[in-house]
Amino acid sequence: MIKKILIANRGEIAVRIIRACREMGIKSVAIFSEIDRRSLHVRLADEAYLVGPAPATQSYLNMDRIMEVAKESKAEAIHPGYGFFAENYEFVKRVESEGLIFIGPPAEAVKLLGDKVAARKTMRNSGVPIVPGTEVEIGSDEQGDSIAEEVGFPILIKAVGGGGGKGMRIVRVKGELKSALRAASSEAKSAFADPRIYIEKYLERPRHVEIQILADKFGNVIHLGERECSIQRRHQKVVEESPSPVVDEKMRKAMGEAAVTAAKASGYVNAGTIEFLVDSDRKFYFLESNTRLQVEHPVTEMVTGIDLAKEQIRIASGKKLSYRQEEIRWRGSAIECRIYAEDPENNFLPSTGLVHSYWEPSGPGIRVDSGLYEGAEVSLFYDPLISKLLAWGETREEAIDRMRRALSEYRILGVATTIPFHLRVMENEKFRKGEIHTHFIEEEFGKDKPSEAKDEDERRKAVAVFSALLDYQEKKKIKPVLSKARSKESPWKIEGRKMGLR
Ligand code: MV4
């Protein structure tokens, strides 16, 4: 077994991996930037090394420095978490060539699946259903024309090097095709340094359902069922759950088998995800794959009881899978709310500042994966995802009720968060019925939100301001606000002056 792992990441995912290491008796090495000195991942790791200034390009994306730390700390393996170097072919190559273990798939699988056209080809050849479209990049306007005719409008132009929604263009009529092909290609060139584009049939309001897989180095591949990820806003996932309200046992088996085939066809090893689009007839099509541990992996952990981070480390150490497919059992329902430091009242504008008070929810069925603590600083340097709140229940209804309860207990003061928005999703009639798709948020919350929800936001804000004040008084040992009520001046004004606000 690997004895020491460098975690090339920060925040909640670094904490998650350090926890797995600690449980397995493996030493953990954290890296941190100048503004992350006091972070939770630094405090929890066995060792921690400064890698550079706050901007990620100079710290968490500084390949030379990270390799240097790996050598210096005598780590045998590197876990990339998600984002940063997690799906970077050059990084995986470098790690492999320096004789270290990359905790993830082999470089060649990262390369193959990162090329969307090559991935589609691989899937088609092995019988995994793909969205109708091309398995070649578009070479000319004429070729684009004939393919679009064949596929039928509307079509979607995608970037070969893309993914995650960047550089896509919907074309509904033939007349718009030529200029769309041009625009998409130049966008792809500047975004991914790769101008190649291809065409797919555009599916209206599909669901996004993905399958978690595990593959060891001996060719054993199993799936751990699905995650429903349709609730997203501008290609940023907001809520994920397992099981999906549309997937039954038969469909899970069919999708799971397709995902296992996809993994085998691409020489996949370690934990991975195969994404599918599901249409209104519940037909599913391969979309793309994610060659990493995903943000939403805990919903699968909660329904299967399998620790995915630990399983990744075992696989990378050369162990066989701990489970056979027949041993996988799913129990109950799990939901994740991704809490972002963004202001839902202000068009989800990123919010920054000092987290001056922090109370996490707990109790039955609740899990919090976060790097937050009182005194933490939320900056614009990194991803705005600050916490993942998960709820498990015997039924989907119980999971939703627990999630509402936990969201209402959660207090993060000092930065605006998406907690109030999540409460509105949990209370939404269509969400509760499981009637969700990839355009759910724009359709349900695009317009003015209902006034009741507004009142609840106001109430929560007032509670937040008041508890911040009480908290401040307690720390400074000053007299309570309310004892000032006799004064002619507003108590808020007096307290404000004391706090130096004036
Ligand atoms: C699609 C699609 C409809 N038809 N492909 C967006 C992210 C990228 N990974 C693929 N995406 C889509 N591809 C076809 N042929 C709709 C989307 C899409 C989407 C997919 C998954 C989750 C959220 C989405 C939101 C908007 C569009």
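Colleague: In a left-handed or a right-handed crossing, how does α7 pass α8?
Modeller: This is a predicted model, in which local features need pLDDT of at least 70, side-chain atom pairs count only at pLDDT 80 or more, and totals for chains, interfaces and linings use all residues. Residues are numbered from 1 along each chain as its sequence is written, and side-chain values use heavy atoms, with hydrogens and water left out. A crossing is left-handed if the near helix is turned anticlockwise from the far one by less than a right angle, and right-handed if clockwise. By that rule, the crossing of α7 and α8 is right-handed.

Colleague: At roughly what angle do the axes of helix α7 and helix α8 cross?
Modeller: Helices (H or I, at least four residues) and strands (E, at least two) are DSSP runs, numbered from the N terminus. Axes are lines fitted to C-alpha atoms, for helices over the stretch in contact, and angles run from 0 to 180 degrees between N-to-C directions. The axes of α7 (residues 141–151) and α8 (residues 177–192) come within 10 Å, and the crossing angle is roughly 115°.

Colleague: Which residues of α8 make the contact with α7?
Modeller: Contact means heavy atoms within 4.5 Å. From α7 come Asp-141, Gly-144, Asp-145 and Ala-148. Their counterparts in α8 are Leu-177, Lys-178, Leu-181 and Arg-182.

Colleague: How many charged residues does the contact of α7 with α8 have?
Modeller: Ala, Val, Leu, Ile, Met, Phe, Trp, Tyr, Cys and Pro count as nonpolar, Asp, Glu, Lys and Arg as charged, and the others, Gly among them, as polar. This contact has 3 nonpolar residues and 1 polar residue. The charged residues number 4.

Colleague: How many Å apart are the axes of α1 and α11?
Modeller: Two packed helices are described by the angle between their axes and the distance between the axes. For α1 and α11 the angle is about 65°. The axes are apart by 9 Å.

Colleague: Which residues of α11 make the contact with α1?
Modeller: The crossing of α1 and α11 is right-handed. Arg-16, Ala-20, Cys-21, Glu-23 and Met-24 take part from α1. On the α11 side they meet Leu-308, Ala-309, Lys-310, Ile-313 and Arg-314.

Colleague: In the open sheet of 8 strands, what is the order?
Modeller: Two strands pair if DSSP finds at least two bridges between them. Here the pairing is antiparallel, and the order is β13-β12-β9-β10-β11-β14-β21-β19.

Colleague: In β12, what is the bridge partner of Gln-212?
Modeller: Strand β9 (residues 207–215) and strand β12 (residues 270–278) pair in the antiparallel sense over 9 bridges. Helix α11 (residues 308–316) lies across both of these and β10. In β12, Gln-212 is partnered by Thr-273.

Colleague: Which residues touch the most other members of the largest nonpolar core?
Modeller: A nonpolar core is a set of buried Ala, Val, Leu, Ile, Met, Phe, Trp, Tyr and Cys residues joined through side-chain atoms within 4.5 Å. Buried means under 20% relative accessible area, exposed over 50%, partly exposed in between (1.4 Å probe, protein chains only). The largest core has 39 residues, and the members touching the most others are Val-239, Leu-389, Ile-412, Met-426 and Phe-431.

Colleague: How many residues of α13 are buried?
Modeller: The helix is mostly covered. Among its buried residues are His-422, Val-425 and Met-426, which are also contacts of Val-239. Of the 9 residues in α13, the buried ones number 8.

Colleague: Which residue does a cis peptide bond join to Ser-242?
Modeller: Most residues other than glycine have a negative phi, and most peptide bonds are trans. This bond has an omega of about 0°. The second residue lies in the loop between β11 and α9 (249–265). The partner of Ser-242 is Pro-243.

Colleague: Does Asn-347 count as buried or exposed?
Modeller: Phi of Asn-347 is near 55°, a positive value in a residue other than glycine. This residue sits in the loop between β15 (342–343) and β16 (349–350). Its relative accessibility is 55%, so Asn-347 counts as exposed.

Colleague: What percentage of the 502 residues of the chain count as buried?
Modeller: The chain has 17 helices and 22 strands. Residues 24 or more positions apart account for 65% of its contacts with a separation of 6 or more. The buried share of the 502 residues is 55%.

Terms used
Lists of a residue's contacts leave out its neighbours within four places in sequence.
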